[in-house]
Amino acid sequence: MIKSFRCSFLEEIKKMGKGKITVLVLFIIPILGNLLLGYQFKEGHLKDISLAIYDQDNSSLSRMIIDEFNANETFDINYYVNSDKEIKRLFKNGEIMTAMVIPKDFNKDILKLNDTKILMIYDGSHMPTLSVAKAKASEILLTIKTGVSMKLIGGKLGVHKNIVENISQALKFRTRYLYNPTQNYKNFFTIGMGIAMIQSAIALLAASSILKKKLSDKRLDRIGYQIGKILFYGLFGFLSIMLIIFVQRDILSIPFRGSIFDSAIMSILLSFSVSSFGVMISSIIPDKMIATTINAVIFVPNTIMIGYTWPVLSMPIAYRKVSSFFPYYHYADNIRDMFLKGTEIETMVSDINWYFAFISITVIIGAFGISIGKKDSKGETTKCKEGEVIEAS
């Protein structure tokens with residue numbers, strides 16, 4: 001068994017040195033992918049959202065409102081239009097994300113205290129943009145509304161401006177954002193999405209790792225061969241994850257407030273759980289294409305399936321239960337909390353226990369699958385001699 005385990009591990013080492021595909025998929029692509037993610041989110045927040053203005057009033061007040069939007073970096077006024085039809089055309093062609101319509105006689109109606117409204121229009125097909133644009137527009141308009149209200153109260157009632165200011169500010173509220181105060185998208189998305197690339201790589205490579213014609217007739221040797229594959233992909237997957245954590249912390253400047261040791265524990269558990277599952281599938285299903293496809297369906301869309309980009313609590317109840325069976329479910333939020341909150345591993349004991357159970361179950365199932373597997377059609381078995389590395393096919 002020990003000899004078979006050793007030969008299995010060395011087989012993957014030789015493949016890595018000879019074919020380069022393992023290095024490319026497990027190290028090079030994740031590093032480049034993380035750097036691209038970091039560059040994509042380098043601004044940290046959305047800005048220059050295209051905005052069209054339809055000003056039917058053309059008063060000093062309407063121009064002041066437009067100037068406030070123009071001065072804010074969130075918006076970029078690309079068009080001044082003269083009809084609703086033109087706004088619809090710009091939205092349909094994807095030339096704008098937001099539009100503002102100021103009605104005719106807006107300034108006069110404000111002075112007369114008549115009911116009048118500015119219409120903000122958003123492109124609902126771009127949800128992140130809609131959310132940011134709506135929040136920032138509301139903030140700008142609320143500030144303007146407060147200033148205008150103070151002037152109207154002071155002018156209509158002849159109240160001193162200090163009293164008006166005290167009345168308007170009688171009810172105050174403050175907002176504070178913890179852990180990611182700038183609401184930086186890089187800090188939110190890059191951590192989990194960057195590491196998800198590696199778990200997909202581990203799963204896809206491990207799915208085709210068991211070569212049936214390499215198997216011995218002895219059951220223990222077969223199990224040793226299986227353990228060698230799990231150890232190889234678990235170990236090198238872990239090294240890749242830790243490398244990415246350092247890239248995110250030291251190159252992309254994502255704040256890391258937790259313990260590297262704690263992150264290493266969670267990372268090695270994730271890596272070995274994905275490795276053991278991939279090898280299990282490879283042990284049961286001899287067809288490499290089918291095994292790889294199964295792992296791709298399970299692991300590639302993980303950031304969505306386990307609630308990293310859309311919270312699990314907002315998913316249907318049945319889906320919430322299913323998502324907890326994915327290894328990444330027990331890792332993604334935890335590693336982000338380590339980065340941004342400095343959360344300690346003591347709060348993750350239940351997830352750690354889950355990993356040990358998952359790895360044990362997949363190893364047992366894989367051992368059963370590889371034990372009952374048949375030799376190749378020629379009935380040949382490749383032996384691993386002392387000091388020899390098995391030639392990969």
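In the predicted model, Glu12 and Lys229 are both buried. These two residues form a salt bridge in which the closest N and O atoms lie 2.7 Å apart. The pair joins distant parts of the chain, with Glu12 in helix 1 and Lys229 in helix 9 (residues 219–251), 217 residues apart. The relative accessibility of Glu12 is 0%.

Glu12 also forms a salt bridge with Lys15, and here the closest N and O atoms are 3.4 Å apart. Glu12 and Lys15 are separated by about one helical turn, because they stand three residues apart in helix 1 (residues 2–19). Glu12, Lys15 and Lys229 belong, together with Glu11, to a network of salt bridges.

Nine salt bridges are found in a search of the whole structure. One further pair is that of Glu95 and Arg89, whose side chains meet in a salt bridge at 3.6 Å, N to O. Glu95 is partly exposed, its relative accessibility being 31%, and Arg89 is likewise partly exposed, with a relative accessible area of 40%.

Two packed helices are described by the angle between their axes and the distance between the axes. For helix 1 and helix 9, the axes come within 7 Å and cross at roughly 40 degrees. The two helices are therefore oblique to each other; an angle under 35 degrees would count as roughly parallel. The crossing of helix 1 past helix 9 is right-handed. On the side of helix 1, the contact is made by Ser4, Phe5, Ser8, Phe9, Glu11, Glu12, Ile13, Lys15 and Met16. Helix 9 contributes Asp221, Gly224, Tyr225, Ile227, Gly228, Lys229, Leu231, Phe232, Tyr233, Leu235 and Phe236. By class, eleven nonpolar, four polar and five charged residues make up the contact of helix 1 with helix 9. The members of the salt-bridge network, Glu11, Glu12, Lys15 and Lys229, are among the residues in this contact.

Individual positions elsewhere in the chain were also considered. Thr190 is placed in helix 8 (residues 185–206) and counts as buried, at 0% relative accessibility. Leaving out residues up to four places away in sequence, Thr190 touches Asn34, Leu37, Phe41, Tyr185, Gln248, Leu252 and Ile254.

Ala137, in helix 6 (residues 127–157), is buried with a relative accessibility of 0%. Apart from neighbours within four places in sequence, the contacts of Ala137 are with Phe69, Phe75, Met120 and Tyr122. Of these, Phe69 is 68 residues from Ala137 along the chain, and the C-alpha atoms of the two residues are separated by 7.8 Å.

Asn82, by contrast, is exposed, with a relative accessible area of 67%. Asn82 occupies the loop between strand 2 (75–80) and helix 4 (84–92). The C-alpha atoms of Asn82 and Tyr54 are 5.9 Å apart in space, while the two residues are 28 residues apart in sequence.

Conventions. Residues numbered from 1 in each chain as written. Predicted model: local features only at pLDDT ≥ 70, side-chain atom pairs only at ≥ 80, totals over all residues. Heavy atoms only, no water. Salt bridge = Lys/Arg side-chain N within 4 Å of Asp/Glu carboxyl O. Helix = DSSP H or I, 4+ residues; strand = E, 2+ residues; numbered from the N terminus. Buried < 20%, exposed > 50% of the residue type's maximum accessible area, 1.4 Å probe, protein only. Axes fitted to C-alpha atoms, helices over the stretch in contact; angles between N-to-C directions. Parallel < 35°, antiparallel > 145°, perpendicular 65-115°, else oblique. Left-handed = near helix turned anticlockwise from the far one by under 90°. Contact = heavy atoms within 4.5 Å. Nonpolar A, V, L, I, M, F, W, Y, C, P; charged D, E, K, R; others polar.
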